[in-house]
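Trainee: Please take one part of this model and go through it closely. I would like the surroundings described as well, in one connected answer.

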Amino acid sequence: MEKAKWIVRGASLAVVLCFFLPVMLVSCSGLEQPVSLANLAGGMGNKPILFILPIAFIIAAIFTALRTVTRQQDINYLWGELAAAVVGVLITLVTLLSISNQVSQGSLGIVNISPSFGFFILLATFVAFGIGWKM
């Protein structure tokens, strides 16, 4: 049980760190620029709702640190971890899909958005979180 908590904590910390890594490449006329979720949430994309992703995973990590007295509390904390992670991931997916849709409609195909190395690291942390939670 303790090993699983550390996997969830590590994955949660990795998601928070990956929030600042370039997760996509935006290219226009041959020029590629890496963009992080923090850039999209702040100045570049002006989508502050993306800040829910790191906050949600910080909350999930906090749930792993809470002491449990009964088995029911332990189960409640596990569901709290999962709920926080799912909310963060869903809001991020919906926001990124809406941004991608807005860019493709407004750029007439000139701007291309593709995943960067940070996207795959972020995806791996989501998988690690799921494995740790399942354990």
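Mentor: Thr 95 has 7% relative accessibility, and because buried means under 20%, this residue counts as buried. The model is a predicted one. Thr 95 belongs to helix 4, and, leaving out residues up to four places away in sequence, its contacts are Lys 47, Ile 49 and Leu 50.

Ile 49 leads on to the surface. Together with Ile 52 and Val 87, Ile 49 makes up a nonpolar surface patch with about 210 Å² of accessible area in total. Ile 52 sits in helix 3, which covers residues 52–65, and counts as partly exposed at 30% relative accessibility.

Helix 3 also takes part in ring pairing. The model has 4 aromatic pairs. In one of them, the ring centres of Phe 63 and Tyr 77 are 5.9 Å apart and the planes stand at 35 degrees, so this pair is tilted. Since Phe 63 is in helix 3 and Tyr 77 in helix 4, the pair ties together parts 14 residues apart in sequence. Phe 63 is partly exposed, with 25% relative accessibility.

Ring pairs also join Phe 57, Phe 126 and Phe 129 into a cluster. Beyond its neighbours within four places in sequence, Phe 129 contacts residues including Val 8, Phe 57, Glu 81 and Ala 85. In the largest nonpolar core, which has 22 residues, Phe 129 is among the three that touch the most other members, along with Phe 19 and Leu 37. At least two residues of this core come from each of helix 1 (2–18), helix 2 (37–41), helix 3, helix 4 (71–107) and helix 5 (117–134).

Definitions and conventions: Residues are numbered from 1 along each chain as its sequence is written. This is a predicted model: local features need pLDDT of at least 70, side-chain atom pairs count only at pLDDT 80 or more; totals for chains, interfaces and linings use all residues. Side-chain values use heavy atoms; hydrogens and water are left out. Patches are made of residues with over 30% relative accessible area and no salt bridge: like charges are joined within 9 Å, nonpolar side chains (Val, Leu, Ile, Met, Phe, Trp, Tyr) within 5 Å. Accessible areas come from the Shrake-Rupley method with a 1.4 Å probe; for residues, only the protein chains shown count as cover. A salt bridge is a side-chain nitrogen of Lys or Arg within 4 Å of a carboxyl oxygen of Asp or Glu. Helices (H or I, at least four residues) and strands (E, at least two) are DSSP runs, numbered from the N terminus. Buried means under 20% relative accessible area, exposed over 50%, partly exposed in between (1.4 Å probe, protein chains only). A nonpolar core is a set of buried Ala, Val, Leu, Ile, Met, Phe, Trp, Tyr and Cys residues joined through side-chain atoms within 4.5 Å. Contact means heavy atoms within 4.5 Å. Rings of Phe, Tyr and Trp (its six-membered ring) pair if their centres lie within 6.5 Å; planes under 30 degrees apart count as stacked, over 60 as edge-to-face and the rest as tilted.
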